Amino acid sequence: MVKFENELHDLISLLTNNTWPYHPDPKPSGEQIVEAYHKGWYQEDKETIWIEKDNEKIGLIIIHDITDTIPSFDIRLDKSVRGKGVGTKAVHWIVDYLFGLPDKKIRIEAYTRSDNLAMRKTCNKCGFVKEGYLRDAWENNDGSISDSVCYAFIRRDWEKKEITPIQLNEWPF
């Protein structure tokens, strides 16, 4: 993993040469990426990190709310490496990286569309606990609305290397 250092050309290449079906805009244009970059999308209260293999940029991690005690993240993988375990390795790296920071993160949240089964499986495989199903909570740029699923990994579980069960249905309300 290598920190993003304003490699705008590489960013445009990755994001325009792939389709992102589970993101609000599945096919962003180069102009949209440049505009978002200049508005601080990849820098302001975020950390953007390249996923590399053999010195080739194969994906991107964006950690949101990096200064908060409860960050979240987004992963984008090149189509050539999807389904090959790269996402799982990246999520494990994110967990260890964030909980290893000196400012003591409390938890890490991950939100994904309910139909993004690959990400849901990855979160589960990496020790994230499904904490909620959010109806009509994901707005897509085409005007459609999707359901979302919330996962989290808490520091206590990371430190003890065990998963604390949640009390989601403790009460009927």
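Reply: A nonpolar core is a set of buried Ala, Val, Leu, Ile, Met, Phe, Trp, Tyr and Cys residues joined through side-chain atoms within 4.5 Å; buried means under 20% relative accessible area, with a 1.4 Å probe and protein chains only. The model is predicted, so local features need pLDDT of at least 70 and side-chain atom pairs pLDDT 80 or more, while totals for chains, interfaces and linings use all residues. Residues are numbered from 1 along each chain as its sequence is written, and side-chain values use heavy atoms, without hydrogens and water.

Me: Which element gives the largest share of the largest nonpolar core?

Reply: This core has 28 residues, and I51, I61, F73, I75, L98 and F128 have the most contacts inside it. Helices (H or I, at least four residues) and strands (E, at least two) are DSSP runs, numbered from the N terminus. Elements giving two or more residues to the core include β2 (46-53) and α3 (86-100). The largest share, eight residues, comes from α3.

Me: Is E47 buried or exposed?

Reply: E47 lies in strand β2. Its side chain makes a polar contact (N or O atoms within 3.5 Å, one able to donate a hydrogen and the other to accept it; residues adjacent in sequence count only if both atoms are side-chain atoms) with the side chain of Y97, at 2.4 Å. With a relative accessible area of 16%, E47 is buried.

Me: Which residue of β7 is the bridge partner of G132?

Reply: Strands pair if DSSP finds at least two bridges between them. Strands β6 (residues 129-139) and β7 (residues 145-154) pair in the antiparallel sense over seven bridges. In β7, the bridge partner of G132 is C150.

Key:
Buried < 20%, exposed > 50% of the residue type's maximum accessible area, 1.4 Å probe, protein only.
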